[in-house]
Amino acid sequence: MYLKAVNINGFKSFSENTNIDFSNKVNVVVGPNGSGKSNVVDAISWVLGTQSPATLRTNKMEDVIFAGTEKLSQKGFAEVNLNFEVDADKFNGTDEISIGRKLYRDGQSEYFMNGLNCRLLDIQEFLSDVGIGKQQHTIISQGQIAEILNSKPEDHRITIEEAAGILPFKLKKDKALRRIESGEKEIKRAKDVIREIKKQLKPLKEQAEQATLHAESVNKLKELKIKFNILNYQKFSNKNKIINQELIKINEELDNLSNLIKNQKELKNKIHDNLGENISLGSLYKDYSNKILNNAEKIKNIVQISNERIDNIERSQIKYIQEKENNKNKILDNSNLMSSLSSQLILKKNILTEKSNKLEILNTELLEVIKKQSLNLEINEALIENEIKYINEYLKDKEKSKKNNKSKLDDLNNDRKISELLIKKHEETLNLNKIDEKDFNEVKNKLISVVSREIENIKASNINLSKDTESKLIILEQKVEQINLINNKDEFKEELKIQKEKYNLDIKKIEKEVSILSSQIIEITEKIKYLNNENEKLANTVESNNDESYIKNIEQLNNLSTSASEMYRKLKKASEILKNTGEKYDDKYGVNNKNIQDIENDLESFNNLYYKLKDEKSNLLIKESENSNFSSTHYSYLANIEGLTSDEIKNHPEINEDESELLKNIKNCETTIESIGVVNYLAKEDYETLNTRYEDIQNSIDDLLLTKKELNSHIKEIESEITFRIESSFNSISVNFAEIFEKLFPGGVGTLQLTNKENLLDSGIEISAQPRGKKVKKLSLLSGGERSLAAIAFLFAIFKSFPSPFYILDEVEAALDDANLHRMIDLLDYLKNDAQFIIVTHQQQTMQAGDILYGVTMEPGSGSRIFIKTKQDFESLITNDMN
């Protein structure tokens, strides 16, 4: 591969589209100063990716665009294309590849490959693949020669590293080190966060456990209550089933009795029809007596039912009153508890405010200590002296205030004594005149209380002043001790260090106390809120006026029972009178119809049995009603409170547990819930969230530590590879340097030496050059030409070890005399078969060594132009001139 052609348009001094075809041998670019020959090198360097305007000998990148002359206008862009002839087998059958760069005056830049737009990265990758790039030192100028001569041994190592392709490995190492550094910062931040999370996790865990226990107890209580209500619902439902079966039997018996009574009555009516007017008056009286008695028995049933209902309502009323009283007691207990909690809340808030103020003071003092640690002794001494001065002034003010208070206190005590004497005299006068002292006593008590209050206020003020004075005196002693220590720098620093540690410990302690107080305040606030809501619900229950409905119903039922009892008594009395009257008629007139009497006896027997069954039926109906009420109560609780459907209630499996055991378990659950108190249900979610975050951060730390370990292992591998490459590159370049140096300095010895063989990564490379007949240990002791030639030997040694398709030498031989120049040309002749050379020169010997000469000229007012002549052209011209 070699550079086949360069196409330049609008770049620097090339105003027109100029094409330069190069051979694959030695190409020499010549021309007078200012003609633009070095601009050819700049154009190639520009396309190869140079981004620095200084490298292109301009102030800014837009300066590479042709600026115009008196005859030519400026160009709007600069464009350069490089054409390379490549091995078609390596590039998919393509034997020529071009790369280009175009820059507009607005700063817009474009890159091309084979005429298509591409990225700079694509061009750099292509150049890296073919062994061309800035790290290969493909372009060498006279300035770079001087740079090599003046470089340190470490810079020589860097030059070899760049040529050996070690730079990507070092970039990888630097990237890994940056990742480790970043990871360590992340680990430090994560550990700080974990420390803060740990402070919150413990109280949150306790709250979450309480919330879990509370939720489990609540769920268990709900389950037990459902079982209890299902059990009672089933119990009363089963009782009603039995009662319904008994009612069916009683109804059947009542139907049979009704039929018998009906038959007997029909038989009696038939006999009456047959007897006509001869019917017994006694039987008639007895018949009406039985009818009245039957009605009386019905009314008696009404009385019994009313009394039963009154009993039920009274039991419900007693239960309601008990619940109301319990709710009132509960409200009172909650109010007392809220009052106690409110007192605790105020106390804890005051303590929190006090702790927060103390924490603020400690932070301020800590900042003062840190500030003193960063200042010099003189400034610290001045600061402490100012603080001592301030404290002394403060103490003087306080002492003055104490004296003023003492004077006021003495005056008030004297006033009180005088006032007591005057009051005593006035009381004696009132007693002598027998005047009511009531109003005077009020004035006296008020006067004494005012004076006493002022005295107590001054005493309290003196106590506070004493406390402030004591604390300031302690601080003053510390400041004086610091002044004494400040002359001893080490002791003063140690004292500041101890103070800083003490402040840090106090701050951590108070921060912990503040955190605990904040949690307690939140818990107490939540508890007060819960108790307040509970009191509102209980108050609504207490305020609901159900007493009137109970009293009204009982009054109505009592009136009904009284009226029915009175009616029953009158009807029974009337029945007895009719019966007695009938018996009198029977005794007086005898039995007119024995059959009627037998029928009446049967009817009486049937009626008695009928009403007995009726009473049993009424009692069963009452029991059924009571059972239905109880069953409805439990059904309502299950449906309305627990949300069970009708099918779930009715089809629920039978509960075979003991009712008393269920009540005992319910009581235990309620006691547990009450003992737990108010809980923060959000704590469980907060704990899980915080714990998940804690685990995630801990996992991140573990991952970062593992990554750090892997990166350190990777760095060791990179360092091993770099060491191997440096060692192998150094050995190769060292051998080539000795060989090339011997060619440039016949009989001389040139060597490369490592400054630190134990550490190749940081070792420098010393260039030792000893021309024949000279004992020189340092390169700086050589002549200018010898130094340039030694530097060229070093660069060509690198070229030979890491060959590039072409090399551009820009006036590198300017400092060489004819003899040394001749040696360098011999070296070019030795290397020209291995690579393409493009040389910019003023030296005639170098021109003679070239295969093709490229003359660069510039007419006044125009741009640079290229004229090409081969060696054969020159030889033919010379032959023609000789002929």
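Which residue in β7 is the bridge partner of Phe112? Select Phe112 and look across to Asn117.

Before moving on, note that this is a predicted model, where local features need pLDDT of at least 70, side-chain atom pairs count only at pLDDT 80 or more, and totals for chains, interfaces and linings use all residues. Residues are numbered from 1 along each chain as its sequence is written, and side-chain values use heavy atoms, leaving out hydrogens and water.

**The sheet.** Now select β6 (residues 109-113) and β7, which pair in the antiparallel sense over 3 bridges. Strands are DSSP runs of E with at least two residues, helices are H or I runs of at least four, both numbered from the N terminus; two strands pair if DSSP finds at least two bridges between them.

**Salt bridges.** Next, pick Lys37 and Glu811, whose side chains meet in a salt bridge (4.0 Å, N to O). The term asks for a side-chain nitrogen of Lys or Arg within 4 Å of a carboxyl oxygen of Asp or Glu. Lys37 lies in helix α1 and Glu811 in the loop between β11 (806-810) and α16 (818-831), 774 residues apart.

Finally, go to Glu659 and Lys235, another salt bridge, with the closest N and O atoms 3.2 Å apart. Glu659 counts as partly exposed because its relative accessibility is 26%.

Key
Buried means under 20% relative accessible area, exposed over 50%, partly exposed in between (1.4 Å probe, protein chains only).
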